[in-house]
Amino acid sequence: MKSYLCCSTDIVLLVGEGNFSFSRDFLDMNKNGDFPPKNLYSTCYESNADDFSPVKLENMEALKSAGVNVLLNVDATQLSKDSRLTDIKFTKFIFNFPHTGGKMKINLNRELIRLFCEECKHMIVGSDKEFTNLCCSKRDYYRDCEIIIPLCKGQGGTKYDETRTWEDTWKLVEMCGYADLVLSNVEYFDTTMLKFYSSIGFRSREQHFNTVKGIIHVLKLSLHPELNKYTSWVDMYPDLDIGHLMDMKQTSILTNSIFSCFKCLFIEAIDLSKAPSGKLQLENTFIIRHGFSSSKPQYPPLDPSKIYDYRIFCNPLKTNSFKIHPVEYNYISENLGFKPLCLSFVRDVCSKINETSNLIGTRLPIEVITSNTKEPVTQHFLVITNDQVGTIAIQNCVNNEIEIVFDNYVEDKTSGSINTIRNENETTQIFFFQKFVQFLSCSKNWRVIFSHENFICIENESLMFHFAHLSPIEYRFDINFTVQTSDYTHEKFFSCLWYIIPEMIQGVQLINEHQSPNQQYKSYLFRIWYKSYDRPMYRKKVIDIHQNVIGKCLNSMLGVKID
């Protein structure tokens, strides 16, 4: 259970210890490292030691002998008010299987998680209201802090839990959102690795509860600025079409994204490559094609010694589909060494991902679902080449999906369409780079790879994905507005949404429209679906964004009256 492993500088607060048995295992897990026992604060809610069981007293003495700080009467919902803890800069907060006791008190358990998370945030940032500022001196400390909450199978309500209706869960992600926390990792709670641990507290009694297939949730503080603080893109309306707007967004923010990380890896591979006819070079000036089915391709004759950054910008009048990113990023070349370069790169990346043996972005083992059972698989991705047609494809062995990431094509100069052909010696070769990155990220949503809070890293020849938010929640709200001008169009409405927060808007649907009897105004009712892949969200916060960000921006940009 890697979530519990610590380094020498970690200071750990364990709350809600039932009999202190897990604390002994925690020390055991870290005995081969350099984590000092004096940096562990193991606490319980109860205060009267006379009522403790012999096992609990024995564990407490063992911990004290090892140098652990053992504290009684610590309330997980009042941490910032406990003078014994307030001056300590903890880096890990652990609350194993939190529960209020009793039967069928799911609302109280949700509240317990929410209050605990809010206290953890307060312990980390204190009164620092600028903790999301990029220039904040404590930013590295804030980023490293973790809140760890294991829950029993099905309780968390995330996509990694066993099937259970959302309303029948503890809504962990939403409760943590109140404290600006996001779910950054998950793994199984493996009791076979624990020597001393015994779970107690079932319905507030000295009785065990089932922890098999329990999920460890690792939460981190979101350092993403609030949406209502950034209106610079709105100020540019309507000077840019949507494709150029989104392209600028990807390159204007200083932090990395999964897409930009992969792009750096590919550029590095190009620099190290050797083609049969000499070293391949990446052309700095990228090629733009307007429209996915444009009749007028815009690019000069290609230099056979170069690789070109090939970007296709969609038609700005077709932006009502928020499922499609308005820019498609590819690489093209006419050099015969381009395919071997791409094949080597694809194989190397997939091999590094397979080294982790984990589900993408998590510490869960790779498993494939067959006939309602889960069976382990040896690798996540398999590279498939077809020499006869010249394609390179990747197979996801978990869900058995296949994506072609490399092909050959020729431009039909009369129609401007792209036709796939099968003669490598006469064609331009294309590496569908955006599709490649998105497929490896195991997401059909473009926001995952372009989020500036998600990234990849390579450690010990393993490539690991780090997602800011593993299991985001989708919300939907209706917006009704009145139009009194004749120049309003739905295209302008959709365009405005792309300018405001396209990274959060998953879909938009016209529900109803009404024309006034005197023809003086017309009103429209739209439904908007929200989901953020990098920001903490909860219902009240989404309502605030819906009203005070979307509503106010639409009013200023289109002149409509929000009803």
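Buried, in this talk, means under 20% relative accessible area. I start there because Asp 180, at 13%, falls under that cut-off and so counts as buried. The model I am describing is a predicted one, so please keep that in mind throughout.

Let me stay with Asp 180 for a moment. Asp 180 sits in the loop between α5, residues 172-177, and β6, residues 181-188. Its phi is positive, about 60°, and it is not a glycine. Most residues other than glycine have a negative phi. Asn 73 is another non-glycine residue with a positive phi of about 60°. You will find Asn 73 in the loop that runs between β3, residues 69-71, and β4, residues 92-95.

Next, a glycine. Gly 156 belongs to the loop between β5, residues 146-151, and α5. Is Gly 156 buried or exposed? With a relative accessible area of 1%, Gly 156 is buried. Leaving aside residues up to four places away in sequence, Gly 156 touches Leu 151, Asp 161, Thr 169, Lys 171, Leu 172 and His 217. There is also Ile 215, which is 59 residues from Gly 156 along the chain, while the C-alpha atoms of the two are 7.8 Å apart.

Now the aromatic residues. Across the whole structure, a search gives 44 aromatic pairs. One of them is formed by Phe 22 and Phe 26, and it is tilted, with 6.4 Å between the centres and 50° between the planes. Why are these two separated by about one helical turn? Because they are 4 residues apart in helix α1, which covers residues 21-29. Phe 22 is buried at 1% relative accessibility, and Phe 26 is buried at 0%.

Phe 22 has a further aromatic partner, Tyr 197. That pair is edge-to-face, at 6.0 Å centre to centre and with 90° between the planes. It links distant parts of the chain: Phe 22 is in helix α1, whereas Tyr 197 is in the loop between β6 and β7, residues 215-221, and the two are 175 residues apart. Both members of this pair, Phe 22 and Tyr 197, are buried.

Two charged side chains also lie over rings. Arg 24 is over the face of Phe 196, at 4.1 Å from the ring centre. Lys 56 is over the face of Phe 52, at 4.0 Å from the ring centre.

Last, a sheet. Please look at the open sheet of 4 strands, whose order is β21-β22-β20-β23 and whose pairing is antiparallel. Which strands stand at the edges? They are β21, residues 505-515, and β23, residues 561-562. Each has a single partner strand, so one side of each has no neighbour in the sheet. Strand β20, residues 475-483, is joined to β23 by 2 bridges, and these strands run antiparallel. Within that pairing, Phe 481 stands opposite Ile 562 in β23.

Helices lie against this sheet as well. Helix α13, residues 539-558, lies across β20, β21, β22 and β23. Relative to β20, α13 runs at about 25°.

That is where I will stop.

Conventions:
Residues are numbered from 1 along each chain as its sequence is written. This is a predicted model: local features need pLDDT of at least 70, side-chain atom pairs count only at pLDDT 80 or more; totals for chains, interfaces and linings use all residues. Side-chain values use heavy atoms; hydrogens and water are left out. Buried means under 20% relative accessible area, exposed over 50%, partly exposed in between (1.4 Å probe, protein chains only). Two strands pair if DSSP finds at least two bridges between them. Contact means heavy atoms within 4.5 Å. Axes are lines fitted to C-alpha atoms, for helices over the stretch in contact, and angles run from 0 to 180 degrees between N-to-C directions. Rings of Phe, Tyr and Trp (its six-membered ring) pair if their centres lie within 6.5 Å; planes under 30 degrees apart count as stacked, over 60 as edge-to-face and the rest as tilted. A charge sits over a ring if NZ of Lys or CZ of Arg is within 6 Å of the ring centre and within 35 degrees of the ring normal.
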